[in-house]
Amino acid sequence: MSYSNIENKLNSGDVVILDGGMGAELENLGASMDKDLWSGRCSIDEPDIVYKAHQNFINSGADIITTNTVSYTHLTLPTSDLV
């Protein structure tokens, strides 16, 4: 769904559905959770599971999909992992 479609829905008072709890969905799909990075590590180590989680939210009717970067910052990553 494009931004203009979302904007039209909002302007007309329709409900816009965001994706759900990414960490919980990744766990449900069997992803490994890192003690420090929680689900952020999956973006590098298990991108296929991250893709599947996003696809599950889309298939469930989400209009907006957010990124899986909640705990993935330069402050929590070892410098050897920075790109």
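The side chains of D63 and K9 meet in a salt bridge, with 3.1 Å from N to O. The term covers a side-chain nitrogen of Lys or Arg within 4 Å of a carboxyl oxygen of Asp or Glu. D63 lies in the segment after helix 4 and K9 in helix 1 (residues 3–11), so the pair ties together parts that are 54 residues apart in sequence. By this rule the count is one salt bridge. D63 is buried, at a relative accessible area of 15%.

This is a predicted model: local features need pLDDT of at least 70, side-chain atom pairs count only at pLDDT 80 or more, and totals for chains, interfaces and linings use all residues. Residues are numbered from 1 along each chain as its sequence is written, and side-chain values use heavy atoms, with hydrogens and water left out.

Now the fold. The protein has four helices and zero strands. Helices (H or I, at least four residues) and strands (E, at least two) are DSSP runs, numbered from the N terminus. Along the sequence the pattern reads α-α-α-α.

Next, the interior. Of the 83 residues, 30% count as buried. Buried means under 20% relative accessible area, exposed over 50%, partly exposed in between (1.4 Å probe, protein chains only). The largest nonpolar core has nine residues: M22, L26, A31, C42, I49, V50, A53, F57 and A62. Such a core is a set of buried Ala, Val, Leu, Ile, Met, Phe, Trp, Tyr and Cys residues joined through side-chain atoms within 4.5 Å. Helix 2 (22–28) and helix 4 (47–59) each supply at least two residues of this core. Helix 4 gives the most, with four residues.
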